[in-house]
Amino acid sequence: MNSLGIVKRLQLGGDIDAYCGKCKEIREHVIAALSAQGAVERVQCRTCQSNHIYKEKQAKTASTRTSTRGSRKDTGSTAESSGPLRAYSMQEKFQIGDRVEHPKFGLGVVVESRSGKIDVKFGRELKILIHAG
Ligand SMILES: [Zn+2]
């Protein structure tokens, strides 16, 4: 008896979820190379076919918001940041007033919307981002 049934054996050509630097997302990858210890060394992204070194998934979950201050006022709000909060994606269309959550810059507000580009204010910094508008 052994415990082989518990851990899925990694093998060449097998599937593994890994972060793809090209797709900038966790993607399904094919194992392209294994080390002598049987650890995954190289993987190939099934989506963009790029072959790269295997990186363990980084547990970057900063979304532990425990400070819920329920002070929501709907009366006479002159708030420029009253739009819905959405995750930034260049495939999305944004409008002035939209609140966007950018993976790198954090929370921002769209202050200008042009064809293909939006100006987003992240705190004191203004960034020009691509969008589908
Ligand atoms: Zn990829």
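What share of the 133 residues in the protein chain is buried? Buried residues make up 12% of them, where a residue is called buried if 20 or more other C-beta atoms lie within 10 Å of its own, exposed if 12 or fewer do, and partly exposed in between, with C-beta atoms placed from the backbone. The structure is a predicted model, in which local features need pLDDT of at least 70 and side-chain atom pairs count only at pLDDT 80 or more, while totals for chains, interfaces and linings use all residues. Residues are numbered from 1 along each chain as its sequence is written.

The secondary structure of the protein chain consists of zero helices and nine strands. Here helices (H or I, at least four residues) and strands (E, at least two) are DSSP runs, numbered from the N terminus. Two strands are said to pair if DSSP finds at least two bridges between them.

Ala33 has Arg42 in β3 as its bridge partner.

Another open sheet is formed by five strands in the order β5-β6-β7-β8-β9, with mixed pairing. Its edges are β5 (85-87) and β9, each with a single partner strand, so one side of each lacks a neighbour in the sheet. Neighbouring strands of this sheet are turned by 40° against each other on average, direction ignored.

Strands β7 (residues 106-114) and β8 (residues 117-122) run antiparallel, joined by five bridges. Glu112 stands opposite Asp119 in β8, and Arg114 stands opposite Lys117 in β8. The two strands form a hairpin with two residues between them, and Gly116 in the turn has a positive phi of about 85°. Six bridges then join β8 to the antiparallel strand β9 (residues 125-130), where Ile130 is the bridge partner of Lys117. The hairpin of β8 and β9 also has two residues between the strands, and Gly123 takes a positive phi near 65°.

Next come the nonpolar cores. Such a core is a set of buried Ala, Val, Leu, Ile, Met, Phe, Trp, Tyr and Cys residues joined through C-beta atoms within 7 Å. The largest has seven residues: Tyr88, Phe94, Val100, Val109, Val110, Ile118 and Val120. At least two residues of this core come from each of β7 and β8. A second, separate core has five residues, including Ala18, Cys20, Val43 and Cys45.

Ile118 lies in strand β8 and is buried, because 25 other C-beta atoms lie within 10 Å. Not counting residues up to four places away in sequence, Ile118 touches Phe94, Val110, Glu112, Ser113, Leu129 and His131, contact being defined by C-beta atoms, placed from the backbone, that lie within 7 Å.

Terms used
Axes are lines fitted to C-alpha atoms, for helices over the stretch in contact, and angles run from 0 to 180 degrees between N-to-C directions. Two residues are in contact if their C-beta atoms, placed from the backbone, lie within 7 Å.
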